[in-house]
Structure formats: structure tokens, C-alpha cells
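Reader: I am new to this structure. Could you walk me through a few of the terms used for it?

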Amino acid sequence: MPPPQASVLLDPIVRHNPIAVQILGVCSSLAVTTQVSTALVMGLALTVTLCLSNVSISLIRRHLPRSIRLIVEITIIASLVIVIDQALQAYAYDMSKRLSVFVGLIVTNCIVLGRAEAFASRSAPWPSLLDGLGNGIGYGLVLAIVAVVREVLGNGTLLGATVLRRAADGGWYVPVDFLHKPASGFFLLALLVWGLRTRRKDPPEDPAS
Amino acid sequence: MSGPLKTLFDAVFVENLALSFFLGMCTLLAISRRVSTAIGMGVAVVVVQTITVPVDYLLHRYLLSAGALGWAGLPDVDLSYLSLVSFIGVIAAIVQVLEMALDRFAPPLHASLGIFLPLVTVNCAILGGSLFMVERKGDFVDSVAYGLGGGLGWALAIAAVAGVRERLRYGDAPRGLRGLGIAFIVLGLTAIGFLAIAGLRVG
Amino acid sequence: MPDAPRDTSPRRASWLERLRRLPEESTAKTLLVAFSVAVVCATLVSTAAVALRPRQRENRDRERRARLVEIVSRIPGIEEIFARTGARDVETDMVELATGRIVPSMDASGFDARKAAQDPEAGVAIPSALDVADLGRRAKHAPVYLVKDRGQVKLVVLPVEGSGYGGPIRGFVALSGDGNTIVSLALFEHQETAGIGARVEDPAWRARWQGKRVRDEQGRLRVGVATERLRPEDAAYQVDGISGATITSGAVNDLLRYWLGDDGFGPFLRTLR
């Protein structure tokens, strides 16, 4: 009995969150989350790529020879990423410079290829689209949460607007400089994972690791 | 220390692909449970990266970058927007060839390393290394050094993390943190350690 | 999530149908799929790249102009120079230092002089006899900023760098349209000692540079900073050093003489006269 469409969309947002649970797409979540704006754009770029790639691969899934399946999927994903990158450079130049090479790295973002292999290559287009949307939102959510912490506590701003006046600007808040370093993303992700897994009450991994 | 040696040193320590740029995390997190498998993955990455970075460099230099096709009489053509898909194509092809070569000429090696090779294709560190090389504007020897260094640095990172995680199995981490959570914290601490080396200039 | 079973109802088999029904693993199908995917992707990507290229170029130009305005506006007194010369148009050009010629095909935006200097092809080692500013290497090209009024060059802004007491010194020297008279010297990147060498940023000291000439009528390089007593015959070309900051003063002297000399922008400045 196929799961209802709603769960295809909602599942990956929290319960099977790509970053925190499936352990996919971690690389970019560290480098682009110093500011909420870059994190949101990155999340959007990934969601668009994911939806388009899931749908395309789903459409041709019955005609993909096994021997070239992986490379065809990668080619489609890479082409989509290039188009999105070009569009960003044309319509959001400053943003594209901040995201720089990480937009290109969406190609190897495990989420996109992972969902293509695990879901889109064996499901119809509409559920594939929902799955892409769900995973993209889940990814974006994690990125946004980490970015909010890093921007508010590391910079005193949120989306550019001052929230905690910095001492350097005559206020009281001394920013936590460590949050500017990508390494801080690791600790924030650890806290997020901790919270998520404790709530779920079921250890999805071998506890002895 | 100058030239290629410096590039090598920098790529391993100062600009470590895993710990300074956080590339290849998924694979790193997935494979770092045991030191033996981690080293296997590390070796695969070193081999693939040392081959693909110079090849991609040549591809970019003589075919794709602006004006690169001058030798063919087409100096105004700029195909750099195809870099991404070309690089990944080259990487996938090289990995495939490597796997077949190993299977044919070194079956025992293929048995131990072979399973890692497909994973290497989608390791962001491999693609990232090639992409960073384009921005570096070095020469061919520099690209070999950078590829080797990048791979070694990543291998170093995964081996180090695996070493710690193996010991942590006997630790007493809180239930919610076991596995992934603790791995993140270990990575974070290692990354902080590498922060100390960032900006180091030798020679 | 499993697929629904395939539709096996009989149908008139067109060639398209026969294509679609080829077994997946057959060579023909593999080649066909590979080829089609390649063609579709290539078309998509190339169309996007070509169609969006003009907009991207516009963006890059706009950014370059913004950065240039920012650079030029950092030169103290630039506003009144703009007012006086009536000029508002700042043009960036890349100059090949050895010949002094402008290279129109080079893009100044994103040019990193430091990186280029180290690059084996874009940079060149400075022979020690000529390396008065102790730079070691320099890029073969450099950006120059020309402030023009109705096509006439009113102001030439050149990036300069040298080695100071605490580290590298970087900044700009602005010359009037003849390429020989100093309008302003702005050295804002340095690690010189506060209150001593850092006084290169003092308005009082900087004001002394106004009107100093680079070369004399015979074309000899005369500009500099006098670390001992300033001789009357040098007064038109040099300023007094900063007392107590001999090394910094010497560094400024060296960097000016290098970059305004024949191994720096000398050839370019000659084209302006």
C-alpha cells in the first residue's frame, strides 16, 4: 500500500531529514551558513536542483540502461546546476560571488544524487517532485537554523538587520568570533542532531559507535 | 620551501580539503567508523585526486577556459561554463577505468579498494579539488602537487577521525549523540586544531 | 516506492514505440540514451550560458565601477579634485608595465596584483639592481585609474606598494593629467608604528606632496623623500622625511621611485605626455 503523498513531502523535513538523519549534504552546510541570506539562497538552489533532477530522472527512469545509470544521473544533475549557476550570476550577482564554488558543489551534494538513486529512479514524476521538495525543505531548514545561530550570535545581525548591537558599534554585545569559523558549524549540527535523535527516541544507528 | 613542495605542504595542512574547507564530509562521516576502512578510502582518494586534478587542469587550460582554443583557431571561444560537467565526467570516467584496471591487473587490491571507488566519484573533495585548482592559476606541476596534497590531506583527516571514533566506541556518549553527533564534535575539534595551522607560512 | 506495472495493451508499433521497447541493456539503447542525454544537456547548458552572458557581463562591469569608485573615493581630497577638474568619469585600464601600453582585452575586475606577482606567468622577478622597493616580484600588468573630463585625462591614479618597517605598504599615488605632477599620495595599508611611521597618513605630511614633480625637464627621475636635509634644488620634487621615522620615510621614497620609475609605471606615464 503506497504511502500517502503527504508523507512523501513531509517525511524528509524532520523525521528523515537529509542532513541530520540521512547524513547527506553536510559539506555545504558548514561553509555557507555564516549568514542567513546565503543559507536561504543555497537551500533554494538545492531545492530547485533537487526537484528538477528528481523529475527528469523519474521521467526517463524506464529507459536508463544500468551500465550508464550513474553517469547519466550525474550528467543531468551537473547540467541543471550549471544552468542554475548561470542564472544566479545573471540575476543575483553578489549572492553568486558569496556562494562561489559551493553552487557547483551541489553536483556532488549527496542529497541530490542520493535521492535520485534511492527514490526518483524508481518512482513516478509527481511523487519524485514531492520528495525533492521535502528533502530540499528539510535541508534548507537545517541550514537556516544553523545560520540563524551563527549570524545572530556571531555578528549581531539577522538577515543584515542589527539585532544585538555590537560593542564596536557602540552597543553592548561582543560577538562570538568562533561562530565565523566553519568549524563552529560542526558543533551546532551536533547539537541539532542530539536534539532530533533524543526526541525520536529510537537510535537509527548502532549505539556502539 | 618553494613551488610544488610548498603547494603540497599547504594542501595537506594549511588548506586541508576536509578540515579547512569541509569537503567530502558525507563520505568522511560514513566511512570513518574503523581505521582500516578509513585508510582504504583515503588511499583511493589520494590515487584518484592525484590523477584527476592534473587532467582536469589540462582540460581547462587547453580546451575550456577563455581563449584556450586558440591553438585550434578559435581564440574567442569561452567554454568555461562547461567546466563543471566536464570535470565530473572526467572524474567518473577515470574512476571507472581505474576500477577496471585494478580488477584486471591487481585483483587483491581491487578486492580491498574496489568498493570505495564508486564512492570517490561523488566525493565533493575530488570535484572541489579540481574546481579550486582552476582558481589557483598554477601550472601543470603545481596541479600534480595540489592533487597529491589535497588527497593526502583528506586521507589524513579521515584516518585521524576514524582513530578517535574507534576509541569512542568504548566511551560513554549520551544516547542522542552516539554515532553521528559525536562524529560531528570530533570533526569540530579536529577542525579547530587545524585552525591553528591556517595562515602558516613556511619558507 | 514501487512502480505501477507496465502497460502491456497491444498498440500499433510505431518506430518510436519500437525504440522505447528495446531492452535496456542492449548496446543500441545504451548508445541512444547516452547520446540523447548528452545532446539535451549540452543544448540546455549552452543556451543558458549564451543567453545570460550579456547580463552577467553587465553585472561584472557594474561591480567593477562600484569598486573603482570606492577606491578612488578613498583618496583624501578627491572630491575637491573632482569639483575642480569637473571630472566624474573614472575609467580603469590594465597596463602592461614594461611597454606602458594599455591592454584593452584584459579585465581589471578581479585582478589580484599580489597573486599575479607570484604566478610564474603573470608575474616577473625584479632584478635586484632595479628592486629599490624590495618587492622581489611584481605582476606584468597593473590597473590604472584615469579620471577623464570630456575625453581628456585629468587625473591618473596608480596603485603602489613597497616594504615598510612593519610590513608591506600599499596605496595610491594620484598624478595630474600630464603624468608628472603629484596631486595626492594615499598610503592606507601599512603596519608602521603609530605616531611615528604611521604619520604617512597625517594630512599635514600628505599635503606636502601637492605639486611635487616626478621628473625634471631632462626627464630624470627626481621624486623622493629626503631623509637628510632637503636641498633647495630638490624642493620641487621631494618632501622632508618624517622625523624619527627614517625607515618608513625611506620605504616611501623607494616605493615612489620604483613605481614612478622605468621599471614601474614610467613607460606608461611617458605615453601621457
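Author: About 60 Å³ of space lies in the second largest cavity. This is a predicted model, in which local features need pLDDT of at least 70, side-chain atom pairs count only at pLDDT 80 or more, and totals for chains, interfaces and linings use all residues. Residues are numbered from 1 along each chain as its sequence is written, chains are lettered from A and ligands numbered from 1 in the order in which they are written, and side-chain values use heavy atoms, without hydrogens and water.

Reader: What makes a space a cavity?

Author: On a 1 Å grid over the protein atoms alone, a cavity is a set of points where a 1.4 Å probe fits but cannot get out. Its volume is the space filled by probe spheres set on the points, which are joined across faces, edges and corners. The whole structure has 2 cavities of 30 Å³ or more.

Reader: Which residues line the second largest cavity?

Author: Lining residues have an atom within 4 Å of a point; among them are A:Phe102, A:Asn109 and B:Leu23.

Reader: Why is B:Ser143 called buried?

Author: Buried means under 20% relative accessible area, with a 1.4 Å probe and protein chains only. B:Ser143 has 0% relative accessibility, so the residue counts as buried.

Reader: What does B:Ser143 touch?

Author: Leaving out residues up to four places away in sequence, B:Ser143 touches B:Val53, B:Pro54, B:Tyr57 and B:Met133, where contact means heavy atoms within 4.5 Å.

Reader: How many residues of chain C are in contact with chain A?

Author: 24 residues of chain C are in contact with 26 residues of chain A.

Notes
Buried < 20%, exposed > 50% of the residue type's maximum accessible area, 1.4 Å probe, protein only. 1 Å grid on protein atoms, 1.4 Å probe; cavity = no way out; pocket = protein on both sides within 12 Å on 5 of 7 lines; lining within 4 Å.
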